[in-house]
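This briefing concerns the packing of helices and the surroundings of the ligand. Please consult the sequence and the structure shown here alongside the text.

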Amino acid sequence: MKLERDSLSILKEMLDLLDKGFSNLPDTDSAYDRDAMREVLLEVAERMQDNFPYFNPLYAGQMLKPPHPVARLAYMLSLWINPNNHALDGGRASSAMEKEAVAAIAGLLGWDVHLGHLTSGGTMANLEALWVAGRLKPDLTIVASEQAHYTHGRITDVLGLPFQTVPCDTQSRMDTDALERMLKGGGIGVVVATAGTTGTGAVDPLREILGLRERYGFRLHVDAAYGGYYMLASNLRQETSLSLDCLRDADSVVIDPHKHGLQPYGCGCVLFRDPGVGRLYKHDSPYTYFSTSELHLGEISLECSRPGAAAVALWATQKLFPMKRGGDFAKGLGKCREAAMNLYTWMRDDTRFFTFLEPELDIVVWAPKASRISEMSRRSTRSFEEAASRDLHLALFTYPTRLIGSIPRSIEVDQETLTCLRSCLMKPEHLDWVPRIWQILRTLADTLQ
Ligand SMILES: *Cc1c(COP(=O)(O)O)cnc(C)c1O
């Protein structure tokens with residue numbers, strides 16, 4: 001295959017135009033030893049060959065999705081300016097673009113007003129949301145489901161806040177009966193729901209959780225780092241859509257543009273429904289160059305210096321692909337979902353495979369069938385390696401057997417966890433490629449018997 005490079009000619013045009021904005025400045029020399037640099041950079045290109053081909057549809061493993069060329073080019077152009085979105089003086093244009101891009105994500109949630117900004121990723125975005133939650137609900141416990149991202153346990157540890165996990169049901173979602181029992185016990189101030197768990201893409205039942213919020217009065221944060229954009233898809237299960245519609249009622253939401261938003265890494269987003277939480281960020285830094293009374297993003301962000309380039313890339317992407325139902329971006333998500341449903345259905349109907357969760361988004365989990373869980377786990381690991389040797393890259397995932405709804409009697413449950421295979425079908429191209437992926441998996445299943 002050939003890596004995309006046609007778009008590079010646009011970069012030259014962009015640079016010419018950018019130059020025009022600074023044409024009154026005297027020329028300067030940017031002296032560097034071109035030959036020496038070239039030698040190092042070619043070594044870089046060679047070393048970068050040691051990667052899985054994340055950009056190719058045969059990479060169908062972890063949550064890795066290539067940025068769209070529009071994001072790549074916008075990001076690259078920004079590097080000539082290298083704006084810092086901490087303060088307007090560090091990046092006027094890119095700060096304005098960040099505010100617009102974040103407002104568009106708030107619009108996706110149906111929020112007319114909000115407070116929010118970009119972060120280096122979902123972890124920092126969740127950290128800010130839980131920091132705010134902890135300030136508003138001092139001394140109370142934060143809970144998240146046992147399938148929530150492990151970051152919540154660590155973040156609360158960093159913040160010094162008490163944390164507990166809520167058991168999941170056999171759909172891999174937060175068990176709301178268990179949550180209610182915990183709420184009755186008292187002492188819980190914040191519930192973290194997940195819209196699209198990292199393991200299986202399960203969406204916690206947000207409507208029921210909102211019902212509990214009315215009765216128990218906790219703060220609701222939704223970690224939609226992975227699944228948030230799926231609000232736009234039109235081919236989800238109805239219960240999933242209903243849950244995602246509830247994102248608008250959360251107190252804070254995290255969505256990662258670097259997961260499903262076509263961005264390079266370094267782009268998460270945290271949003272608060274009540275802009276009033278901005279007061280908690282208040283600081284009086286003697287270093288920061290706040291020269292105007294307009295909002296500087298550094299006033300509402302825990303991270304200080306932040307890449308303006310990330311905002312520029314996201315802004316350009318949203319301009320080309322507005323986040324509308326029925327638009328190209330939404331259709332791309334729909335294709336990922338359809339790809340996952342195809343692969344899942346073929347596996348479910350094939351006796352060589354064991355499936356236990358219908359995908360809610362675009363993540364499929366399964367294991368090769370055998371007479372014992374331990375043997376199935378062993379075959380998953382072997383399939384993972386064998387598939388890789390055929391250029392098909394999958395992921396492994398450890399799942400508690402107690403969360404599996406029904407295990408046929410022919411399978412002996414001889415250990416507490418099942419190592420399964422996991423595939424995040426995050427590229428719209430996966431829809432055309434799943435037949436080929438399925439072909440490889442079937443061939444493998446026969447050789448592993
Ligand atoms: C990826 C992910 C995170 C962590 O985000 P990073 O961008 O990797 O820091 C948190 N929660 C969920 C649900 C995720 O999928």
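A crossing is called right-handed if the near helix is turned clockwise from the far one by less than a right angle, and left-handed if the turn is anticlockwise. In this predicted model, helix 1 passes helix 3 in a right-handed crossing, and the crossing of helix 3 with helix 11 is likewise right-handed.

**Helix 1 with helix 3**

- The axes of helix 1 (residues 8-20) and helix 3 (residues 69-78) come within 10 Å, and they cross at roughly 40°.
- From helix 1, the residues L8, I10, L11, M14, L15 and L18 make the contact, and helix 3 contributes L73, A74, M76 and L77.
- This contact of helix 1 with helix 3 consists of ten nonpolar residues, with no polar and no charged ones.

**Helix 3 with helix 11**

- Helix 3 also packs with helix 11 (residues 308-320): their axes come within 8 Å and cross at roughly 145°.
- On the helix 3 side, the contact is formed by V70, A71, A74, Y75 and S78, while helix 11 supplies A309, A310, V312, A313, A316, T317 and L320.
- By class, ten residues of the contact of helix 3 with helix 11 are nonpolar, two are polar and none is charged.
- A74 of helix 3 takes part in the contact with helix 1 and in the contact with helix 11.

**Surroundings of the ligand**

- An oxygen atom of the ligand lies 2.6 Å from an N or O atom in the side chain of T123.
- A polar backbone atom of G122 is 2.7 Å from an oxygen atom of the ligand.
- For D223, an N or O atom of the side chain is 2.6 Å from a nitrogen atom of the ligand.
- On its own the ligand has 380 Å² of accessible area, of which the protein covers 87%.

Terms used:
Residues numbered from 1 in each chain as written. Predicted model: local features only at pLDDT ≥ 70, side-chain atom pairs only at ≥ 80, totals over all residues. Heavy atoms only, no water. Axes fitted to C-alpha atoms, helices over the stretch in contact; angles between N-to-C directions. Helix = DSSP H or I, 4+ residues; strand = E, 2+ residues; numbered from the N terminus. Contact = heavy atoms within 4.5 Å. Nonpolar A, V, L, I, M, F, W, Y, C, P; charged D, E, K, R; others polar. Polar contact = N/O pair within 3.5 Å; in protein donor to acceptor, adjacent residues only side chain to side chain. Areas by Shrake-Rupley, 256 points an atom, 1.4 Å probe, with all protein chains shown as cover.
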